[in-house]
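Subject: Structure handover

Hi,

Here is the structure for you to look at. My notes come after it.

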Amino acid sequence: MVGNDEIEKYIALVRAEIDLSSEIEEQEVLKLIAEIIFRETIDKPLALKDKDILVKSIFDSIRKLDVIQELIENEDVVEIMVNGYDHIFIEKNGIVSEWGKKFTSKNKLEDVIQQIVSSCNRVVNESEPIVDARLADGARVNVVLSPPAVYGPILTIRRFPKESFTMEKLIENNSITKEAAEFLQEVITAGYNCFVSGGTSSGKTTMLNVLSECIPDNERVITIEDSAELQIKTIKNIVKLETRNANSSGSKAITIRDLIKTALRMRPDRIIVGEVRGIEVVDMLQAFNTGHEGSMSTGHANSSKDMITRLEAMYLQAMDIPLEAVKRQIASGIDIMIHLERGRDGKRRVKEINEIIGVKNGVIELREIFGLEYDGHFYKLIKKNSLLNIEKLTRKNE
């Protein structure tokens with residue numbers, strides 16, 4: 001095999017001989033690299049297979065994402081965690097492990113980061129060291145540079161399956177039961193406002209994608225996200241909006257709150273907010289309370305009850321109003337709470353589905369429709385109660 005120093009030498013040689021600034025097709029670049037490498041290694045005891053690997057490594061370094069390109073092309077890898085240039089971890093089949101390869105240097109990792117960020121018109125540097133971005137295939141990217149990143153640049157990539165998840169596939173994976181799936185399909189079609197909660201990597205974005213399949217195809221849907229990740233393919237009349245960070249050239253930040261406000265002027269039937277983390281919860285709930293039935297959003301929490309507490313806290317950060325008024329906004333805006341969990345086995349599943357039935361004695365009341373139970377062998381989502389507020393379901397069937 002060829003060491004990192006020698007790979008860097010060959011990369012420099014290729015850059016010197018090929019005008020990479022011109023518009024050259026990838027296959028042509030690959031061919032030129034192969035010609036140079038086979039010429040330069042003709043007298044070296046290097047196996048043909050190793051030469052091919054060397055050519056691919058150089059091509060990935062020049063035209064792709066360097067050493068992690070191999071991981072990007074591996075559909076079994078769902079998460080790539082780069083902790084500095086010399087420590088790369090991956091998640092595969094629900095197991096996190098350290099990968100054996102690394103970037104040749106900190107500078108090379110920083111080049112890859114800039115390549116990713118610039119491709120979706122984002123900026124990251126010492127002045128703005130944190131950014132969310134995405135790859136061309138929709139994979140979610142988070143970057144943290146120094147000074148917050150003490151031991152070097154941090155790059156986290158979460159990949160989504162190329163083949164879209166469907167409700168049927170969630171049933172096959174035992175992530176939800178058929179009865180619960182049919183219930184969710186009914187409430188989404190009927191226009192209930194739903195909120196999906198869960199921990200990191202519990203499948204919230206996937207669930208939004210799946211639920212969106214139940215939206216009637218004659219409705220106008222507007223999606224609002226920090227970084228566009230939702231893959232909604234069944235709606236023709238769809239508008240996708242994405243936030244923008246402020247930058248040094250004078251461009252102002254465009255926040256989720258800004259996008260929710262402008263979305264209300266775009267004649268939406270439904271608004272889907274990818275995730276709420278702060279004061280934008282005010283505008284999200286106002287949208288939910290102004291006739292946009294069937295709207296959806298997500299948030300991080302350990303349970304549906306905890307999510308409601310977080311929504312209250314986020315609302316109070318934005319506005320100094322009585323807590324009772326906040327609770328009533330939440331109770332009138334959200335109909336169904338869906339909570340997801342990721343078990344110790346790495347399996348993602350629906351843990352509970354609750355109906356918000358109002359505010360009583362200063363507490364938002366939840367009524368459990370489905371709840372996860374363990375029978376000693378398996379977890380199963382059990383129906384606990386029927387929906388009390390059947391007005392929308394009745395109207396849908398008229």
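Below are the notes on strands, hairpins and rings.

This is a predicted model: local features need pLDDT of at least 70, side-chain atom pairs count only at pLDDT 80 or more, and totals for chains, interfaces and linings use all residues. Residues are numbered from 1 along each chain as its sequence is written, and side-chain values use heavy atoms, with hydrogens and water left out.

Strands first. Helices (H or I, at least four residues) and strands (E, at least two) are DSSP runs, numbered from the N terminus. Two strands pair if DSSP finds at least two bridges between them.

β12 (residues 336–342) and β13 (residues 348–360) run antiparallel, joined by 7 bridges. R342 has R348 in β13 as its bridge partner. Their hairpin has 5 residues between the strands, and G346 there takes a positive phi near 85°.

β13 also runs antiparallel to β14 (residues 363–374), with 8 bridges. E355 stands opposite R367 in β14. This hairpin has 2 residues between the strands, with N361 at a positive phi near 55°.

Now the rings. The whole structure gives 1 aromatic pair (Phe, Tyr or six-membered Trp ring centres within 6.5 Å; planes under 30 degrees apart are stacked, over 60 edge-to-face, the rest tilted). F183 and F370 have ring centres 5.7 Å apart and planes at 55°, so the pair is tilted. F183 lies in helix α7 (residues 178–190) and F370 in β14, 187 residues apart. F183 is buried at 11% relative accessibility, and F370 is buried at 1% (buried is under 20% relative accessible area, exposed over 50%, partly exposed in between; 1.4 Å probe, protein chains only).

Best wishes
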